Amino acid sequence: MGLPLVSFFVLFFCLRKHTASSLSVSLFCSAIPLVCAYYLLISLWDSKAPILFETIWMRGGEASVSFGFLLDPISLLMLCIVATISFLVQVYSLGYMAGDPGITRYYSFLSIFAWSMISMVVAPGLMQLYVFWELVGLSSYLLIGFWHHKFSASQAGKKAFVMTRLGDLGFFLGIVILLLNFGDLSILNLNHEALHKLPPSLVTTCAVLIFCGVIGKSAQFPLLTWLPDAMEGPTPVSALLHSATMVAAGVYLTGRLFPFFQGSPEALAVVLLIGALTMILSSTMAMVARDIKQVWAYSTVSQLGYMLMGLGAGSYFSGIFHLTTHAAFKALLFLCSGVFIHHFETNDFFQISRRGGRSLKIPMIAITVAGCGLAGIFPFAGFFSKEAVLGALVHLPNKTWIIAGLAGAFMTAYYTFRLLFVLWLPRTGSDTSSEHGHHASGHASHAEAGYWAMAVPLLILAAATAILGFTGGPLESFLVSHGAHAAPAHAEWLVWASIVLVVSGVGLAWFEFGRKAARQEGFLSRLPFLENLFMNRWYIDHFYRKFVDYAIYGGFSRAFTLNDRRVIDGAVDGLSKAIRGSGWLMSFSQSGKLQYNLFFLALGIALLGLFFLFV
């Protein structure tokens, strides 16, 4: 578990000028955790109780904070996901980052990111989890702003850091309240004992505050706009952030504390509402985006909303299962996009198509497999996990949730195949937009040398996308073996409804972007109001800009400025004037003139007389 940390220190402080050695060290230190993670998963598959090692870290009065590690089904599963994606991203980066002058620094950041994430996953207590949760945020800031010479990259890194901190503030308050009232932050105790010792209102308060951290980290409404901007980092970083690590950490935290959340129906309702809102909003944004990475970024936000909907509906397995399958096909989508961007030096998938994107056979096949997984087409992984989420929603008394879930299935299929049809079936002259690629120049010359380093991870992830869906049964048995509830029975009509909607989404995408006479314009282009609304992200960023300008700068800053000038400066100036005036008056008593001395003597006697007269 500590090897990635060792890798970070060795690369950052000792091997910055020795590229080959640094890459070898980094790959070795990411391969060993991968082997260990799968060894632990296999050896503990039939374990009936979690493996816990903890020691007291801090103690104050009756409250204590522990430190150690906890291995149970969800942490073992997440450990394998994180280790796998981290290793594949490091292999892929050999080709993608070849020739970059900061490649050693890049690998050192990948290493500390992996260490932070792995340590967070196995944390037995909320305080330790929170420490590594913040380190994950810091590492992502370093990776997103890796090309810091680009203004947009540094701004995106700062935006991600600040917006996730807003959510983390609520998370920290939740931890403090739990510590003061329960006296223990052990995850096992919180899940099994806190509900019996804390009043329901306090459980709801703490659960909602902890969920604020999930909203920030997993880019949920209203803090969802930082994630699409995080595309300014290198594409392998996007794959790492979006598939298995940072943004999935919020869903993992909700699953980690699922029994605690179950103790408050109100908190689960908040999880469900936020997940549904986020899923719908981000799906509409993906329907109009032209940047290939931004389409997948909006898709990530949407799918995270799907996972939270499953958890909010009370289905632990559906949320975690969708997290697992999503890790494979979303990493694959980003890594395929990286090959196109690397080769054509543009993020615009219309431009990639016109320049011959389909000539890259392996990425085209892989992105199609991943797209089928994302759209939920049988027999790819996304079909099974999305059906599990829908199966959880359909049992809720309020049918709004299942309608939202089915609408999300339609929109996901539409925006995914919109992109795939454009890539597979280019239309010469159908695109007039200018290039706006984010990728730094100078990588094209390394395309051939690094092609296979990038292609091998694609093939592995494509195979995972094809087979992961069939692991649902054993995975459900594994996850629910420690007390979690199994998924409810699936309604047959729902399967057919879902399939019809997905086919409808693909059909609409084919009609607008795939058929021979298609102009490759979406139906939203004929509804400019909606198109502008979706392209401007429902004006959420505009609202934040106005809020900062008027409320922060115009309100709070102006009030503080007035307070500084009128109250603080006024008090200091008034005191200095009073002292100067009294000094001026007292100076007459030291003038050496007899009349002034007699005057002050008479004045003093008169004041003393008045004092004794009235007191």
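Predicted model: local features only at pLDDT ≥ 70, side-chain atom pairs only at ≥ 80, totals over all residues.

Me: Let us begin with the overall picture. How many helices and strands does the protein chain have?

Reply: The chain's secondary structure comes to 26 helices and two strands. Along its principal axes, the C-alpha trace spans about 110 × 60 × 55 Å. Of the 615 residues in the chain, 55% are buried.

Me: Now salt bridges, please. What is the general idea, and how many salt bridges does a search of the whole structure find?

Reply: Side chains of opposite charge can pair when their charged atoms come close. Here the search finds eight salt bridges. Let me take one as a worked case: Arg 256 and Asp 72 meet through their side chains, at 2.1 Å from N to O. Arg 256 belongs to helix α12 (residues 246-256), and Asp 72 sits in the loop between β2 (63-71) and α3 (73-96), so this pair ties together parts that are 184 residues apart in sequence.

Me: Are these two partners buried or exposed?

Reply: Arg 256 is buried, with a relative accessible area of 3%. Asp 72 is buried too, at 9%. The cut-off to keep in mind is that buried means under 20%.

Me: Which residue does Asp 348 meet in a salt bridge?

Reply: Its partner is Arg 290, at 3.4 Å from N to O. Asp 348 lies in the loop between α16 (316-344) and α17 (349-354), while Arg 290 lies in the loop between α14 (265-286) and α15 (292-312), so the bridge ties together parts that are 58 residues apart in sequence. Asp 348 is buried at 0% relative accessible area, whereas Arg 290 counts as partly exposed at 27%.

Me: And what can I read from the pair of Arg 526 and Glu 512?

Reply: Their closest N and O atoms are 3.9 Å apart. Arg 526 is in the loop between α23 (492-514) and α24 (528-535), Glu 512 is in helix α23, and the two are 14 residues apart. Arg 526 counts as exposed, with 56% relative accessibility, but Glu 512 is buried at 5%.

Me: Which residues are linked in a network of salt bridges?

Reply: Glu 134, Arg 165 and Asp 168 are linked in this way.

Me: On to pockets. How does one find them, and how much space lies in the largest pocket?

Reply: Rolling a probe the size of a water molecule over the atoms shows where empty space is left. In this model, the largest pocket holds about 590 Å³ of space. It is lined by 14 residues, and those nearest its centre are Lys 159, Met 163, Tyr 544, Arg 545 and Val 548. Helices α6 (151-182) and α25 each supply at least two lining residues, with α25 giving the most, seven residues. By class, this lining has nine nonpolar, one polar and four charged residues.

Me: What does the lining of the second largest pocket divide into?

Reply: That lining has 16 nonpolar, three polar and no charged residues. The second largest pocket has a volume of about 430 Å³. Its lining counts 19 residues, with Tyr 38, Leu 77, Ile 81, Thr 324 and Leu 468 nearest the centre. The largest share, six residues, comes from α3.

Me: Back to α25 for a moment. Which residues form the nonpolar patch on the surface?

Reply: The patch is made of Phe 543, Phe 547, Ile 552, Tyr 553, Phe 556 and Phe 560, with about 670 Å² of accessible area together. One of these, Ile 552, is placed in helix α25 (residues 540-589). Ile 552 counts as partly exposed, at 31% relative accessibility.

Me: Last, the backbone. Where are the cis peptide bonds?

Reply: One runs from Phe 221 to Pro 222, with omega near 5°, and Pro 222 is found in the loop between α9 (200-217) and α10 (226-229). Another runs from Phe 378 to Pro 379, also with omega near 5°. Pro 379 is in the loop between α18 (361-375) and α19 (381-393).

Me: What is there to notice about the phi of Ala 219?

Reply: Ala 219 has a positive phi of about 50° although it is not a glycine. Ala 219 lies in the loop between α9 and α10, and counts as buried at 0% relative accessibility. Arg 537, which is not a glycine either, has a positive phi of about 55°. Arg 537 lies in the loop between α24 and α25 and counts as buried at 10%.

Terms used:
Residues numbered from 1 in each chain as written. Heavy atoms only, no water. Patch = residues over 30% accessible without salt bridge, like charges linked within 9 Å, V, L, I, M, F, W, Y side chains within 5 Å. Areas by Shrake-Rupley, 256 points an atom, 1.4 Å probe, with all protein chains shown as cover. Salt bridge = Lys/Arg side-chain N within 4 Å of Asp/Glu carboxyl O. Helix = DSSP H or I, 4+ residues; strand = E, 2+ residues; numbered from the N terminus. Buried < 20%, exposed > 50% of the residue type's maximum accessible area, 1.4 Å probe, protein only. 1 Å grid on protein atoms, 1.4 Å probe; cavity = no way out; pocket = protein on both sides within 12 Å on 5 of 7 lines; lining within 4 Å. Points joined across faces, edges and corners; volume = space filled by probe spheres on them. Nonpolar A, V, L, I, M, F, W, Y, C, P; charged D, E, K, R; others polar.
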